[in-house]
Amino acid sequence: MEIQRTQPGRDTKMSHHLPICGSKEEPLHAIGARFDTPDQLVAAVNRLRAEGYSAYECYTPYPVHGLAEAMRLPKSLLSFLVLGGGLTAILIALSMELVPSILIYPLIVDGKPLNLSALPQYVPIVVALTLMIGAIAAVKGMIILGGMPRLNNPMFAWDLFAKDASRGFFLAIEADDKKFTTAGVTELLHQLGAGDVTAIHLEEESK
Amino acid sequence: MSATTSNETAAPDLSAIARPPQVLNNRGPLWVTDAVCSIVEGKTPLWWYAAISVSGAFAAIGGACILYMIVTGVGVWGSNSPCFWAWDITNFIFWVSMAHAGSLISALLFLTRQKWSISISRAAEAMTVFAIVCAGVYPAIHIGRVWFVWFLFPVPNSYGMWPNFSSPLLWDVFAVTSYLTVSSLFWFAGMIPDLAVLRDRATTKIRKFAYGLVSLGWLGTARQWRHYEMMYVLLAGLTSVLVVTVTSIVASDCATSVVPGWHATIFPFYFMVGAVYSGSATILTLLIPLRAIYPQLKELITPSHLDKVCKLLLMMGSCVAYVYVFELFNAWYSANPFERGAFWERFTSSYSWYAITCLSINLTIPQLFWFKAVRRCLPLVVVLAILCNVGMWFERFMIVTTTLTRDFLPSSWGNFHATIVDILTATGTVGIFFTLFLLFIRFVPIINMSELKAALPGSQPHGDSAHSTGEGH
């Protein structure tokens with residue numbers, strides 16, 4: 001099958017029967033659709049995968065179990081980031097405590113030893129810092145891996161989605177997809193029982 | 001269960017063993033969104049202005065007292081030899097302990113899949129963060145010369161001085177700092193999807209911009225949820241460990257000293273159970289009036305949810321009672337005259353009424369929650385919960401102040417007298433707490449909508465129905 005690249009001029013012609021949002025002059029970003037139930041969305045994703053689509057995204061108001069598996073998303077890398085953050089924190093905390101206590105500024109109180117035989121007294125700060133830096137890594141990692149922070153998104157051109165995304169389960173098949181044809185995607189989405197199928201064009205950049 | 005019932009011809013009646021519904025009246029996800037968002041989106045009610053004026057005034061007076069203390073010196077407090085720790089550390093421990101129940105309810109109950117905690121977790125986390133803020137007022141100012149507070153941190157400096165890493169007081173600095181950081185992150189990160197909902201529904205430009213900024217461009221894509229869910233589990237795990245660590249370290253402030261009455265290995269456990277006890281009481285004190293003000297919350301925070309918090313309070317209250325008995329046993333069994341003396345002095349010195357108030361409240365009030373009629377009578381629950389916190393404040397005072405005024409040498413004994421600055425600073429922290437909580441009610445969804453919606457019956461695909469009925473994983 002031929003790969004059809006989406007050209008702005010050609011697309012507006014082809015998608016004339018679809019409601020359009022964004023700017024008609026700008027390239028097509030995706031074709032969006034709304035489903036009423038998570039079942040429909042998961043079924044749609046299974047079908048898309050079977051048909052060979054790869055550039056699509058699902059938008060749900062809460063985590064839908066089985067959706068990521070249906071999309072064949074890999075396991076989140078976040079746990080490794082947190083492990084890395086925690087291990088780094090252990091090194092930082094230990095050197096922060098041991099270097100001054102043993103080398104630079106040995107502060108002997110009540111004759112208590114400061115060397116490695118007194119390791120337990122250094123543990124509480126290590127634990128506190130490990131947990132803190134691990135948590136920072138978790139939140140920062142989630143934000144960065146999730147493609148955030150981001151001030152705008154082409155999807156916001158679609159009023160139905162932007163006004164209240166919590167009212168449905170949305171699917172957007174992106175124009176970058178190798179199999180993408182406006183007619184084919186529209187037909188497929190209608191077959192899957194999607195509502196509000198809409199062509200989402202990019203918005204004009206404010207100059 | 002299913003094996004036996006499937007053989008019966010009539011449909012099995014599972015209602016007796018069914019879990020109580022998460023949301024009453026079979027409400028759907030859209031209703032949940034509207035109900036929670038309407039609190040933030042509606043017109044600011046008059047009571048809110050009145051309440052924040054009062055709490056703000058208390059906070060301002062407290063702030064003025066702190067300023068007065070800084071420019072004058074710690075002499076404006078009643079703390080003096082032999083009692084150098086008095087209301088400052090009493091209140092610090094009181095607040096930082098109260099925080100723990102919030103983390104426990106949101107993190108530990110999340111990890112153990114106790115879905116009933118969803119509707120109260122956001123408010124509990126808020127309570128945690130605000131209580132740590134109140135606690136954080138004291139450590140910095142109680143050192144007297146606030147401009148030397150940086151001595152607490154290992155900062156390379158021209159004096160060549162470093163802090164004493166073997167001191168529990170320094171551990172405390174790190175414990176409280178990381179507790180504030182982690183619980184704020186946990187609270188904020190869990191709020192991102194809900195803030196995005198507010199952004200989408202915003203009608204004015206300012207709200208759209210403000211919520212857009214704090215929701216970081218959240219869209220709810222499957223990829224984002226994948227990372228988000230992983231993050232939430234990890235944060236819940238880290239927070240659960242942190243709660244135990246922080247209380248234990250705060251308890252070590254006392255326990256690692258040789259002061260009779262403090263030098264006990266039960267102290268970390270003592271502080272932990274007292275912490276969750278007072279925190280659960282605070283959650284009840286905050287949420288029950290809130291339900292009365294916003295009737296839609298009655299369907300989200302159900303009597304069954306509050307009932308479970310009451311049971312948590314009962315359990316922790318009983319643990320506290322156990323520790324009181326154990327302290328008595330410890331004083332006797334240690335055969336240490338100073339230990340016995342410290343215990344005796346608690347009940348016979350001029351502070352005896354503190355100990356008697358503390359014991360009479362904490363040994364009796366939580367035990368009333370054995371009765372379902374008490375747990376279901378919400379106005380009574382509020383009164384009892386406030387009493388529990390009063391009891392806990394007296395307990396913190398008894399531990400910190402009474403102990404210090406009666407140490408080894410009778411010649412160095414002395415009494416502590418709170419000054420007006422002590423009192424107004426303490427009420428100031430209460431003002432700060434309620435001011436922050438009122439702002440929280442007004443500007444942030446007070447219930448974790450996304451987590452709640454995901455747990456509603458029928459919200460998950462049918463092939464995955466085990467999740468949707470809340471029957472566990």
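Is the crossing of H4(B) and H15(B) left-handed or right-handed?

Modeller: Right-handed, for H4(B) and H15(B); a crossing gets that name if the near helix is turned clockwise from the far one by less than a right angle, and is left-handed if anticlockwise. Keep in mind that this is a predicted model, where local features need pLDDT of at least 70, side-chain atom pairs count only at pLDDT 80 or more, and totals for chains, interfaces and linings use all residues. Residues are numbered from 1 along each chain as its sequence is written, while chains are lettered from A and ligands numbered from 1 in the order in which they are written.

Back to the pair. H15(B) covers residues 378-405, and its axis lies 9 Å from that of H4(B), at an angle of about 135 degrees (axes are lines fitted to C-alpha atoms over the stretch in contact, and angles run from 0 to 180 degrees between N-to-C directions). That makes the two helices, H4(B) and H15(B), oblique; under 35 degrees would be roughly parallel, over 145 roughly antiparallel, 65 to 115 roughly perpendicular, and the rest is oblique. On the H4(B) side the contact is made by Ile89(B), Thr90(B), Ile93(B) and Phe94(B), and they face Met392(B), Trp393(B), Arg396(B), Phe397(B), Val400(B) and Thr401(B) of H15(B). Contact here asks for C-beta atoms, placed from the backbone, within 7 Å. By class, the contact of H4(B) with H15(B) has 7 nonpolar, 2 polar and 1 charged residues; Ala, Val, Leu, Ile, Met, Phe, Trp, Tyr, Cys and Pro are the nonpolar ones, Asp, Glu, Lys and Arg the charged ones, and the others, Gly among them, are polar.

Now look at both ends of H4(B), which spans 87-111. Arg113(B) is not a glycine, yet its phi is positive, about 60 degrees. Most residues other than glycine have a negative phi, and most peptide bonds are trans. Arg113(B) is also exposed, with 12 other C-beta atoms within 10 Å (20 or more is buried, 12 or fewer exposed, anything in between partly exposed, with C-beta atoms placed from the backbone).

H3(B), residues 46-72, and H16(B), residues 420-443, have axes that come within 7 Å and cross at roughly 140 degrees. H3(B) and H16(B) are therefore oblique as well, but their crossing is left-handed. Their contact divides into 16 nonpolar, 10 polar and 1 charged residues. For H9(B), residues 267-293, and H11(B), residues 303-333, the axes come within 8 Å and cross at roughly 150 degrees. That makes H9(B) roughly antiparallel to H11(B), and the crossing is left-handed. Among the residues that meet here are Phe269(B), Val273(B) and Ile288(B) of H9(B), and Leu306(B), Met316(B) and Val323(B) of H11(B). This contact of H9(B) with H11(B) has 17 nonpolar, 3 polar and no charged residues.

Then there's the partner chain. Chain A has 7 helices and 5 strands; these are DSSP runs numbered from the N terminus, helices being H or I of at least four residues and strands E of at least two. The contact between the chains takes 61 residues from chain A and 54 from chain B. Elements giving two or more residues to the chain A side include H2(A) (38-51), H4(A) (78-104) and H5(A) (123-145). H5(A) gives the most, with 15 residues. By class, that side of chain A has 42 nonpolar, 11 polar and 8 charged residues.

The Met148(A) to Pro149(A) peptide bond is cis, with omega near -10 degrees, and Pro149(A) lies in the loop between H5 and H6 of chain A. Arg72(A), again not a glycine, has a positive phi of about 60 degrees. Arg72(A) is in the loop between H3 and H4 of chain A, and it counts as exposed, with 9 C-beta neighbours inside 10 Å.

Conventions
Contact = placed C-beta atoms within 7 Å.
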